[in-house]
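Visitor: I would like to learn how to read ring pairs and helix packing in a structure. Where do we start?

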Amino acid sequence: MTSQFSFPSKALPAALRGGVLAFGLTAAVTGHAAAADAAAAPAWKFSGFGTLGAVYASVRDADFSSTVLRANGAGRSEAWSPDVDSRLGAQLDLSLGRWSGVLQVVSEQDMEGSYRPRVAWANVKYQATPDLALRVGRIALPVFLAADYRKVGYTMAWVRPPVEVYGGLPISSSDGIDATWRWGKGATRHATQAFLGRTDTRLFDDRRVEAHGIAGLSHSIEHGALSARMSALTAHLTTGLAADVFAGMRAFGPQGVALADRYAIEHKRVSMVSAGFSYDPGQWFLNAEAGHAQTHSLLGRTTTMYAGGGYRFASLTPHLGFAKVRAHGATRAPGLALAGLPARAQATAAALNAGLNAYLATIPIQTTLSTGLRWDLATGAALKVQYDRLRPTDGSRGTLINTPSSFRSGETVHVASMALDFVF
């Protein structure tokens, strides 16, 4: 989805690990920039954004969440939760001639329940020519239409980007380099972006998710009220998810080793493609987006899509939406063969099989119908209400989290959300 509302500080996607390093590099190179462009004066800009949200979910054996990278949500943990959408972000931009830098810090709940601030972006940019820009640092992954502003609720009509689509890429940035070439003909403008990088994110305890060799290409088009983006990404992914299950399976010999090698997320290649468009002539808007992700691991292979639109009546914007994610493959596996095993080993193998299937059930299969209303109550502030009717099926928990063994797929979940979005 593209931005339907003005945002006073358009986010510059990017950053260098640790944030401070990027600005240190900016300081180092600005001396050279100033010498090359003595007329340029440093221009600093501070801005921020935030969401105060509350979400209710009817489910009692799972939590509704905007991303899997949360400790809890609405439903099982608490009927009403402020943690699903609430966040606060601050951004500092520095411009000096052809050089510029950006540092963005975001505070939102993580998988340990903490709101510890995290450097989301921190990069240095060099405008080599009027059409070619080079960046180094922590850079927003340019996958999906809202890649640059997915955390800035004020820029969109609905409370959150569709979780079926955007939940497929919960990590929104990488540490590396990119190059963007802008070109056009007539009223049509193009931007082609190539990027390389890696990411290493702590989840909880000693669990991490690492992606190295991230490489991709993104192409954006703007023509009047129409904007579109197509993206492709590949990476090698490693995470400790289900490591104890696979370690136990390997102890059962060749069949266990084969299962672990098939499902363990250890140096597995992940590929993603996405395409979407937004048409916004002013009074109304339509958005649609689709994506496909593939990995030969526990994460499976999925196809996602959403479509939505709304109409503006002065300061009020009612909207409707539909989203879907489906898996190409089973969400259950037979696992280790139990026949012929000693009783004690059979019980252990059965427990490992249950653990494997619990993780396979996290491959999302879900549909959601949404409706809501946005009220622009003041400059830089919008109040929203939204209702989502979602249903995970085929043994999957969908996009829900914190599901116990008693969870049953196929039941409809009703979600009510309220959010106050603001920018400053």
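Guide: Start with a cut-off: a residue counts as buried when its relative accessible area is under 20%. In this predicted model, tyrosine 166 is at 3% relative accessibility and therefore counts as buried. Phenylalanine 144 is buried as well, with a relative accessible area of 2%.

Visitor: How is a pair of aromatic rings described?

Guide: By the distance of the centres and the angle of the planes. Searching the whole structure gives nine aromatic pairs. One of them joins phenylalanine 144 and tyrosine 166, a tilted pair at 4.9 Å centre to centre with 50° between the planes. Phenylalanine 144 sits in the loop between strand E8 (132-140) and helix H2 (163-166), and tyrosine 166 in helix H2, so the pair ties together parts that are 22 residues apart in sequence.

Visitor: Are tyrosine 279 and tryptophan 284 stacked, tilted or edge-to-face?

Guide: Tilted, at 5.4 Å centre to centre and 45° between the planes. Tyrosine 279 is partly exposed, with a relative accessible area of 32%, and tryptophan 284 is partly exposed, also with 32%. Elsewhere, ring pairs link Phe46, Phe422 and Phe424 into a cluster.

Visitor: What describes two packed helices?

Guide: The angle between their axes and the distance between the axes. Helix H3 (residues 243-250) packs on helix H5 (residues 343-360) at about 140°, with the axes 10 Å apart. H3 and H5 are therefore oblique to each other, and the crossing is left-handed.

Visitor: Which residues meet there?

Guide: From H3, Val245, Phe246, Gly248 and Met249; from H5, Leu352, Asn353, Gly355, Leu356 and Tyr359. By class, this contact has six nonpolar, three polar and no charged residues.

Terms used: Residues are numbered from 1 along each chain as its sequence is written. This is a predicted model: local features need pLDDT of at least 70, side-chain atom pairs count only at pLDDT 80 or more; totals for chains, interfaces and linings use all residues. Side-chain values use heavy atoms; hydrogens and water are left out. Axes are lines fitted to C-alpha atoms, for helices over the stretch in contact, and angles run from 0 to 180 degrees between N-to-C directions. Helices (H or I, at least four residues) and strands (E, at least two) are DSSP runs, numbered from the N terminus. Angles under 35 degrees count as roughly parallel, over 145 as roughly antiparallel, 65 to 115 as roughly perpendicular and the rest as oblique. A crossing is left-handed if the near helix is turned anticlockwise from the far one by less than a right angle, and right-handed if clockwise. Contact means heavy atoms within 4.5 Å. Ala, Val, Leu, Ile, Met, Phe, Trp, Tyr, Cys and Pro count as nonpolar, Asp, Glu, Lys and Arg as charged, and the others, Gly among them, as polar. Rings of Phe, Tyr and Trp (its six-membered ring) pair if their centres lie within 6.5 Å; planes under 30 degrees apart count as stacked, over 60 as edge-to-face and the rest as tilted. Buried means under 20% relative accessible area, exposed over 50%, partly exposed in between (1.4 Å probe, protein chains only).
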